[in-house]
Amino acid sequence: MGTRRKTRTIKIKDMFVGGDSKISVQSMTNTDTRDVEATLAQTRALMVAGCDIIRVAVPDFEAAEALKEITRQLPIPVVADIHFDYRLALKSIEHGISKLRINPGNIGGKDKVRLLAKACQEKGIPIRVGVNAGSLEKDLLEKYGKATPEALVESALRHVELLEDANFYDTIISIKSSDVMTMMNSYRLLSEKVDYPLHLGVTEAGTPWRGTIKSAMGIGGLLSEGIGDTIRVSLTGDSIEEIKVGREILKAAGHLKEGIEFVSCPTCGRTQIDLIGIANEVEEALKDSKKHIKVAVMGCVVNGPGEAREADIGIAGGNGVGLIFKKGLIIRRVPENELVTALLEEIEKL
C-alpha cells in the first residue's frame with residue numbers, strides 16, 4: 001500500500017473526509033426520492049451493510065421537499081444530487097442535507113454559484129464537484145477530441161475555480177469515466193494539481209460481475225498508490241452489492257480492519273473433499289461477522305498447513321476428513337460432514 005496522499009480534511013455532518021480520516025464507502029438510492037418511506041428503507045438496509053454516506057437524486061421540488069423528513073430520520077450524511085437548477089440546491093440546503101453534489105459550471109452562472117456557496121458556508125455543507133466523461137463540455141471535447149484525462153481534469157478545475165472565486169474551499173472532487181484506464185489516469189493527474197479530497201469511482205461500471213472487476217481495478221489500483229479519500233462502487237444491481245464490494249476493496253487495499261478476511265484455495269487434483277461447497281458455506285455463514293480474523297479453507301496438505309499457520313483459524317482437508325488449525329496448530333480432526341459446524345464453533349470462541 002502506497003503512502004496516502006495528504007489532502008485537506010472536510011467535515012460532512014459528524015464525520016470527516018480527507019486527511020487522515022478513514023476512507024468512507026458511499027452509495028446512491030435508486031428509489032423515487034419523493035417516496036420517503038422507500039428511500040428511508042433502502043438507506044437503512046445500506047447502513048446495515050456498512051454504508052457511510054448516502055446520495056439521493058433531487059430532480060424536482062417535491063423531491064427536495066421530501067429531504068426534510070429523510071434527513072431528519074437518517075443518522076448518516078445525506079447528499080443531494082442536483083443538476084442545472086440552483087433553486088433545488090437551495091431548497092435541499094434548507095431541508096438539512098449534509099453535502100451537495102453539483103457541477104458549478106451548469107448551475108446557472110457565477111451569481112448562482114456565489115449564492116449556493118454562501119448558503120453552504122452558513123450551514124457547514126461541503127460541495128462535491130462531479131465530472132463524468134459522458135457529460136463533458138462541448139468545447140473541451142472539441143479541444144481534446146474526446147474525453148481524455150487532460151480534458152476531464154480541465155473540466156474539474158474549471159468548476160473548482162468557480163467555487164474558489166466565491167471563496168468556497170470545502171470541496172470534494174470526483175472525475176469519473178466508465179473506462180478504467182481513463183479514470184485512473186484522470187485521478188492521478190488531478191491529484192498532482194489539487195489538495196482537495198478525492199471521491200473515487202468507475203462510473204457506469206456495469207453489472208455486478210463486470211462492474212466489480214472494473215471497480216476493484218480502478219478504485220483499488222488508485223488506493224494502492226495512496227490516492228482516494230472516499231469511494232463509490234457503481235453497479236447495475238442491488239445497491240447492497242455496491243457496499244459489499246466497496247468494503248472488500250478497502251480490505252484488500254489495507255484500509256479496513258473489520259470483518260472476516262477469507263482465504264480459500266482454487267482446488268486441484270489433490271483435493272479429496274467438497275472444498276467448493278465447504279468454502280461457499282463458510283463464507284455465507286460469516287458474511288455479516290464483525291470479527292477481524294483471517295479464516296483459511298484449504299483443500300489439502302500442500303498449502304493448507306502453511307496458510308492455516310498465517311490464519312487465525314482454518315481447515316485443511318483430507319480424504320473425507322478435515323483438520324482444524326488455530327495459528328498453525330492442529331486443534332481438532334473431524335469428519336467432512338461435520339467440518340463446517342466444527343469450524344464455526346471454533347470461530348465463535350475467538
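Guide: Gladly! Let's begin with strand 6 (residues 99-102), which is covered on both faces: Lys-99 and Arg-101 are buried on one side, Leu-100 and Ile-102 on the other. This is a predicted model, in which local features need pLDDT of at least 70 and side-chain atom pairs count only at pLDDT 80 or more, while totals for chains, interfaces and linings use all residues. Residues are numbered from 1 along each chain as its sequence is written, and side-chain values use heavy atoms, leaving out hydrogens and water.

Visitor: What makes a stretch a strand, and what makes a residue buried?

Guide: Helices (H or I, at least four residues) and strands (E, at least two) are DSSP runs, numbered from the N terminus. Buried means under 20% relative accessible area, exposed over 50%, and partly exposed in between, with a 1.4 Å probe and protein chains only.

Visitor: Why is Ser-155 called buried?

Guide: Its relative accessibility is 2%, so Ser-155 counts as buried. Ser-155 belongs to helix 6 (residues 149-165). Leaving aside neighbours within four places in sequence, Ser-155 is in contact (heavy atoms within 4.5 Å) with Val-131, Leu-136, Glu-137 and Leu-140.

Visitor: How do you know that strand 5 and strand 6 pair?

Guide: Two strands pair if DSSP finds at least two bridges between them. Strand 5 (residues 78-81) and strand 6 have three, in the parallel sense, so they pass the test. Asp-81 stands opposite Arg-101 in strand 6. On its way from strand 5 to strand 6 the chain passes through helix 3 (residues 86-94), in a right-handed β-α-β crossover.

Visitor: What makes a crossover right-handed?

Guide: Point the strands away from you: the path from the first strand over the helix to the second must run clockwise. Strand 6, helix 4 (residues 110-123) and strand 7 also make a right-handed β-α-β unit. Strand 7 (residues 127-132) runs parallel to strand 6, joined by three bridges, with Leu-100 opposite Ile-127.

Visitor: Why are strand 8 and strand 9 said to stand at the edges?

Guide: The open sheet has eight strands in the order 8-7-6-5-4-3-10-9, with parallel pairing. Strand 8 (171-176) and strand 9 (199-200) each have a single partner strand, so one side of each is left without a neighbour in the sheet. Strand 9 pairs with strand 10 (residues 230-232) over two bridges, and Leu-200 has Ile-231 as its bridge partner.

Visitor: How do you know that the buried residues of helix 12 line one face?

Guide: In helix 12 (residues 339-349), the buried residues are Leu-339, Val-340, Ala-342, Leu-343, Glu-346 and Ile-347. Seen down the axis, they fall within an arc of 165°, so they line one face; the arc is taken from the directions from the helix axis to the C-beta atoms. On the other side, Glu-348 and Lys-349 are exposed. The buried residues pack against several elements, including helix 10 (275-285) and strand 12 (294-298).

Visitor: What makes Lys-112 count as lying over the face of Tyr-86?

Guide: The rule asks for NZ of Lys or CZ of Arg within 6 Å of the ring centre and within 35 degrees of the ring normal. Lys-112 lies over the face of Tyr-86 at 5.1 Å from the ring centre, so the distance is within the limit.
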